[in-house]
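Subject: Structure handover

Hello,

Please find the structure below, followed by notes on what was found in it.

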Amino acid sequence: MSTVWASVRLRRRGPLGISSSLQGAWTGLPRAARYTIGTVGVALLYLLPEIPLGLIETQGTKWESVLFFPILIYVMMAIGLNIVVGRTGMLDLGFVAFFAIGAYATAVLGGLHDWNWWLVLPTGIALAMAAGAILGTPTLRLRGDYLAIVTLGFGEIIRLTANNTESIGGPRGISDIPVPPNVGGLEFDNVLDDRPFYWLGLTLVVLIVFIVRRLERSRVGRAWTAIREDEDAAELMGVPTFTFKLWAFAMGAGIGGAGGTLYASQHRLASPGTFQLILSILFLAAVVLGGSGNLVGVIVGAAMIAYLPERFRGFEDKRVMLFGIALVVMMIFRPQGLIPSRRRAAELEDPVTPPEMADVSTSSQELAGYELGEVFGPGTVSLDKPFAPDPRSPAGDGDHG
Amino acid sequence: MIATVVLASLSEGARLLRDNFWDYTVTGATIGAIYSLVALGYTLVYGVLRLINFAHSEIFMIGTFGALYATQWLGFDPGDPKKTGIALIGVLLFCLVIAMAVSGASAVVLERIAYRPLRRRGSTRLAALISAIGASFAISEAFALWRGRNFEQFPRLFDKTHTVFTLFGYDVRADQVLIILSALFMMVALDQFVRRTRLGRGVRAVAQNSETAQLMGVNIDRVIVLTFLLGGLMAGGAALLDMVFLEQTRYNIGFILGVKAFTAAVLGGIGNLRGALLGGFVLGLVENYGSALFGTQWKDVISFTLLVAVLMFRPTGLLGESLGKARA
Amino acid sequence: MKKWFRLLVPIAAVALLAAACGDDDDDVATTDETAAPAAAGVVCADPLTIAFFGAQTGDAANLGLNESRGAELAINEFNAANPACQIGYKAFDSQGNPDNAPALAQQAVDEAAIVAIVGPAFSGESRTANPIFEAAGLPIVTPSASAPDLSTLGWTIFHRLIANDDSQGPAIAAHIAGELAAAKVAVIDDNSEYGLSLAEIVAGELEAAGVEVTVTDHVDPASQDFSATVTKVKDAGVDVVMYGGYYAEAGRLRKQLVDGGVTAGFISGDGSLDPGFIEAAGAEAAEGAILTAAAFFSPDGYTGGADFGAKFLADSGSAPGLYSAEGYDGANLILAAITAGNTTREAINTFLSTASFQGITKTFKFLPNGELDGPAAIYATVVEGGVLVGAGQIGG
């Protein structure tokens, strides 16, 4: 029995070790080299619709279009959700609400009131951020699962309200939505060619990634990490946790709103049927699958979740089932995600802190948060605590009640 | 202008609710009873494992198919004459046993496949939640492939629409009485089991303090299996009652009900058995009253708004959380 | 350099092989054509494909399959009769979801062999797919997208094979006011685009005809329990319940109404016209319900449709359903264009817009906006003894 366990542990460490060393090699490179590789990588992404990729491309649906939706849109949503779930450790099951708000802002302002698209985009983002703040103010003092169900409810409230409101089209939605004005050779009004949308979206993603990276490495990012790790301790150390949580929520919401704006203009339709609960769940799955907390990870995760079902359309009816099985298998064998957060890995494997100490420092939380490292098991309420029942594994906490 | 329209429809809604109060109450309590039974499964697992068992809705769905198969084994067709007396009780009990067995067994298998490996590896709660979501997708889609995506009809076992008694002018139907009473009975039985028996004490001990429980010699794996089993049995009971009530099922029947039941569990105080009971009935009633007042299209908006409002003032639900506490 | 070259050789070989295979395909195609013994019938040079666009899988698959099987049957018959002109068939499975539609539509547009589309089956997906078909000039004939405003959006490629909800709604209302002589009516819908707009049209027409609509309600189709709506209907004591929505919920609503003691009549539109309605309601509760459509439920109702059911069954292995005959007619309409020598999208579209074609369901002649020219016939189907029975024309 114990040998089985040992091998299991070894296997578990394997992939993590590899990616860690890869990531280590990456950070070991000189700054100039990293920038060069990064630039080339981004340039390749821009060329993606132009390079013939043969069987990698989706077969039954147009590749250039799939690159934009669902792939790019999912990536954007996952980056936004990652700030909330991955960085700050708040579980949001209703992220689609902000996607919907962005889309409807575009439809109402651009479609019904003829605003210029370039004015609609920031307004959509601002409205989504405001919605995030409005939802966040009363609810962010709830933790963990309570926040999860409240956000889930919020997502449904937004969808149902849109469906029930005749002035924004009711169930029919709004279908007369403007596209960005043509710039040079980029014809956004050509419905047969989604490449301009892809390039525009990619530019936005690059911009967002840049901003988020800066934020993560600033005081704000450190505050987010502190909140995720232990909200009470952070509060004690003088971090205004509520303000920073609210900011994280609003930032995530804003990115979600940007995604909604882009989506609605390309589809030329904003209708409530799009904004189902299942989308929120898929966005969350993208974040966790990719490696919650790791920006590159969630981008890869989202791209996979969007791409694979489109590529394997041949499986038609079996797609969702295979997806479900893949999620379970993935969580069993690689729960940290495809590309785990290095920081998280460091924290989890930190040999200096004995697990028992970590337990003591965090066991005071009455309510569970969805902090990344929080271990799943009986009576566990907080992060970084390994699961208890097996005496061979580090001790779990006890006190939540 | 809009205000007057809203006011006019509200006053019409108020009249509707006043004139049909007992009608709305009984039908709301009926669906609420089913919410409660399913909510128990969420609350049990949450109390012990702190996991939103997202796939619990599929355990319920499997139970409905179990009940359906039970009737088919007995050779029922939708057009058959209705049963009465002893035969009816026998049929209902047989279906109940089958539904509970199927649901209970699937819950245990689910724990084995989708959750235990994660626990063994010290996974995070978020990973466990995603695994639960994945299991939910996989199970419901497997049923879609196997049984198709159309509804299947559950035969009418007895003359369920006959009036048993009249409550302030509302004719209470046989199926409503059956559902509310059996749900209450099952819930009381579970509550007593958890409070009074040795096994139940183990559940409470782990919920309260898993480490101490373990030190005191409680086998945690067994407690967890028991927890899933109990939740599954309740879901199986709910499944049969739901079939008697609505008489049709398909692969995704659990999804919305699961969301509602989970809402009910949180509303009452997740991890708290009596909270699940209270939450289920409150949700069922508020949905119905709200539908009368504002129109059926606002039903879910009303229930989620209620949830937010309750959590604002009572951040851990109506009765507070914790399966372990004496209050449970 | 050398290494690089070594890599290039197999790539070039593969490329050549692929090219050769490509040629091979063409050869086969041409030999097929020449091998045909002095073909009677149509001869066409280029490979031509007719595509179906709509749900093939998922919850909305029933209607899509009804139609696509009809279209496939038409193409199979044509291919059997015209050895020198083999038409391809391809289905684009949108799952009825407007979000999936653009990438699929663009793919369809990109495949040069596709000269016309049967579909899209639903109004929602039409809104996102049709602008793309319009931009590419790819003609479509839809057997079932019935939202009235689709023909007002300026699409020159749009052709609708049935009367839209602006015809169905008033016919239902007239039937309620006339035949059923109702004084008080409940109008309920499933809060979907289709259900709500049909219900609104009916409610508007009823008010205009002086019939009182005492209850309007919008149920959530995802919810199983409609008891709040049942109470509302009971409270109002209506004579007829009209429901706008799809068959599974229509059946469930009808059952719960009857269980709740509502004895009012029940009428619903084409979304409910499916044997699934009777299954969901149960034969007892379904009895007497009236379901209408701008089409016959069974092709037997059509002149010249008598042997269609048997052919359909033999070809696809399942019985025809609602709009199967329309799907068959739609494909035949396109095939008639090809027979007349039109092999480009543009030429087929011109043919569709101008020609008059006798199908098994009706004579097709289109107005410039893509709607059928001439009065729209609406037919009723009644549930009698647990089966759907045609009850003749009620409007148009």
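Two residues are counted as in contact if their C-beta atoms, placed from the backbone, lie within 7 Å. Axes are lines fitted to C-alpha atoms, for helices over the stretch in contact, and angles run from 0 to 180 degrees between N-to-C directions. Helices (H or I, at least four residues) and strands (E, at least two) are DSSP runs, numbered from the N terminus.

This is a predicted model, in which local features need pLDDT of at least 70 and side-chain atom pairs count only at pLDDT 80 or more, while totals for chains, interfaces and linings use all residues. Residues are numbered from 1 along each chain as its sequence is written, and chains are lettered from A and ligands numbered from 1 in the order in which they are written.

Sheet in chain C

Seven strands of chain C make an open, mixed sheet, ordered β7-β6-β8-β9-β10-β13-β14; two strands pair if DSSP finds at least two bridges between them. The edges are β7 (212-218) and β14 (387-395) of chain C, each with a single partner strand, so one side of each has no neighbour in the sheet. On average, neighbouring strands are turned by 25 degrees against each other, direction ignored. Strands β8 (residues 240-244) and β9 (residues 265-268) of chain C run parallel and are joined by four bridges; Val240(C) has Gly265(C) as its bridge partner in β9(C).

Two helices of chain C go with this sheet. Helix α7 (residues 227-236) packs on it, touching β6 (184-189), β7 and β8 of chain C, with its direction at about 170 degrees to that of β7(C). Helix α8 (residues 247-259) of chain C lies across β6, β8 and β9 of chain C and runs at about 155 degrees to β8(C).

Core and chain A

A nonpolar core is a set of buried Ala, Val, Leu, Ile, Met, Phe, Trp, Tyr and Cys residues joined through C-beta atoms within 7 Å. A residue is buried if 20 or more other C-beta atoms lie within 10 Å of its own, exposed if 12 or fewer, and partly exposed in between. The largest core has 344 residues; Leu72(A), Ala78(A) and Val241(C) are among those with the most contacts inside it. Helix α3 (residues 63-87) of chain A gives the largest share of this core, 18 residues.

In helix α4 (residues 96-112) of chain A, 16 of the 17 residues are buried, so the rest of the structure largely encloses α4(A). Just after α4(A), Asp114(A) has a positive phi of about 55 degrees.

Between chains A and C, 20 residues of chain A are in contact with 22 residues of chain C.

Regards

Technical notes
Expected span 1.5 Å × (residues − 1).
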